[in-house]
Amino acid sequence: LKHNQQAEYLSFAKSPLTPPHKFEMIEGGQFPTKDRHGFIMSDSFCLIAILKSWLFPGEHVTLQHDREVNVPDNEYFGQVYYIPETPPNCWVMKFFVGKDLETLKKYVTSEHAHAEKDICVIFRFHSDGYIELDLSKKQDRSNKGWEVFPLKTPCKLSREKADKFGSKKIPFPPDCSLKVCAEEGPDTV
């Protein structure tokens, strides 16, 4: 989080460890500025989730306790996967986008069985109908020993293709692909 106000749109939910996992929102916890995680105390072992609200202050929503996650029409899912490559310590990182997270997951499971799932984000396309991964910014942390580069340039995705994913014309989700390699050695961070 960059600003304290962003924490207003986050909350915690918990579920028993035994299926079916029905998450219920809980009060409390904190989301410190400049951190990528939150803190909450629980009186029992359970699953904890962090929820992002798509609502503006004063708006309300009724939560459905099923697996389906509905997002507004102008918001999309982005799912990151890593696919191991050769030589060792190299991966292709793919950022897939679409309206339906379950459809994205099914595609990756069927087409890239050995892919490792990573973060999932919810985002909006720019007003021009595109998003682009920008790799030109200086990193906050050292990346010594790592090499990251796009497999196609520009690394840009269109809303039109994301909307049509799953149709006969676009049977696979739009994605940006990056090559990620790590050098072996004591200096690699």
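Me: Is valine 92 buried or exposed, and what is its relative accessible area?
Reply: Buried means under 20% relative accessible area, exposed over 50%, and partly exposed in between, with a 1.4 Å probe and protein chains only. Valine 92 is buried because its relative accessible area is 8%. This is a predicted model, in which local features need pLDDT of at least 70 and side-chain atom pairs count only at pLDDT 80 or more, while totals for chains, interfaces and linings use all residues. Residues are numbered from 1 along each chain as its sequence is written, and side-chain values use heavy atoms, with hydrogens and water left out.

Me: Which residues does valine 92 touch, not counting residues up to four places away in sequence?
Reply: Contact means heavy atoms within 4.5 Å. With that sequence exclusion, valine 92 touches Tyr81, Tyr82, Ile83, Glu85, Leu151, Ser177, Leu178 and Lys179. As for serine 177, its C-alpha lies 6.5 Å from that of valine 92, although 85 residues separate the two in sequence.

Me: In what order do the 5 strands of the open sheet run?
Reply: The order is 6-4-5-10-8, with antiparallel pairing. Strand 6 (116-123) and strand 8 (146-150) are the edge strands, each pairing on one side only.

Me: How should I read lysine 179: where is it found, and what does its side chain contact?
Reply: A polar contact is a pair of N or O atoms within 3.5 Å; within protein, one must be able to donate a hydrogen and the other to accept it, and residues adjacent in sequence count only if both atoms are side-chain atoms. Lysine 179 is found in strand 10 (residues 175-182), and its side chain makes a polar contact with the side chain of glutamate 85 at 3.4 Å. Lysine 179 counts as buried because its relative accessibility is 15%.

Me: How many helices and strands does the chain have?
Reply: The secondary structure comes to 2 helices and 10 strands, and 26% of the 189 residues count as buried.

How values were computed. Helix = DSSP H or I, 4+ residues; strand = E, 2+ residues; numbered from the N terminus. Pairing = 2+ DSSP bridges.
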